[in-house]
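Here's a quick tour for someone meeting this structure for the first time. Take a look, and then we'll walk through some of its charged pairs and one of its helices.

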Amino acid sequence: MFKALSDWFQQNLQQPGQVSEQQTIELATAVLLFEIMRADGKFAESEQRTYQQILRTHFNLSDSELESLMKLSSDRAKQAVDYHQFTRIINQHCNMQEKRQILESLWRVAYADKHLDVHEINLIRRISDLLHIPHSEFIQSKLKVTDNAD
């Protein structure tokens with residue numbers, strides 16, 4: 001089942017005309033979340049759990065779909081040379097509220113280990129800029145996540 005779903009994601013993502021808008025957004029979001037998870041050079045278990053939980057609940061994924069998306073996002077993140085390809089998809093298909101939710105999810109993954117590394121903060125700032133989110137909202141979402149977690 002996992003192999004079949006993975007093959008399906010691969011096939012559809014290589015043929016842009018056949019991939020659904022939702023699947024494209026799912027992959028772009030998952031890659032950005034994965035990048036935050038690895039930004040500090042550690043893969044904390046708490047960050048991995050938060051990453052999985054966000055993907056599962058935000059996109060309403062089954063276990064097999066979640067596994068396929070996580071594997072594919074890991075592969076795509078390792079091959080990516082920049083974040084524009086992912087933020088462009090989100091900018092094309094998401095409204096400002098949806099982009100704010102993604103930004104908050106980035107903070108949730110980064111702060112899952114109760115520590116914000118400078119690399120995580122800088123990466124979230126870059127992604128926030130690429131998503132055209134004002135700096136004030138960048139700060140507000142950070143405070144929302146860090147204040148609610150304490």
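How many salt bridges does a search of the whole structure find? It turns up eight. Keep in mind that this is a predicted model. Here are three of those pairs:

| Salt bridge | N to O distance |
|---|---|
| Arg38 and Glu35 | 3.1 Å |
| Glu45 and Arg49 | 3.0 Å |
| Lys144 and Glu104 | 3.0 Å |

Let's start with Arg38 and Glu35. They sit three residues apart in helix α2 (residues 21–38), so about one helical turn separates them. Glu35 is buried, at 6% relative accessible area, while Arg38 is partly exposed at 29%.

Glu45 and Arg49 are both in helix α3 (residues 45–59), four residues apart, or about one turn of the helix. Here Glu45 is exposed, with 59% relative accessibility, and Arg49 is partly exposed at 48%.

Then there's Lys144 with Glu104, whose side chains meet in a salt bridge. Lys144 belongs to helix α8 (residues 135–149) and Glu104 to helix α6, so this pair ties together parts 40 residues apart in sequence. Lys144 is partly exposed at 42%, whereas Glu104 is buried at 16%. Salt bridges with shared partners link Glu104, Arg108 and Lys144 into one network.

Now for α6 itself. This helix covers residues 96–110, 15 residues in total, and spans 21 Å from first C-alpha to last, close to the 21 Å expected. Its buried residues include Ile102, Leu103, Leu106 and Trp107. At its start, a side-chain oxygen of Asn95 comes within 3.0 Å of the backbone nitrogen of Gln97.

Note on methods
Residues numbered from 1 in each chain as written. Predicted model: local features only at pLDDT ≥ 70, side-chain atom pairs only at ≥ 80, totals over all residues. Heavy atoms only, no water. Helix = DSSP H or I, 4+ residues; strand = E, 2+ residues; numbered from the N terminus. Expected span 1.5 Å × (residues − 1). Buried < 20%, exposed > 50% of the residue type's maximum accessible area, 1.4 Å probe, protein only. Polar contact = N/O pair within 3.5 Å; in protein donor to acceptor, adjacent residues only side chain to side chain. Salt bridge = Lys/Arg side-chain N within 4 Å of Asp/Glu carboxyl O.
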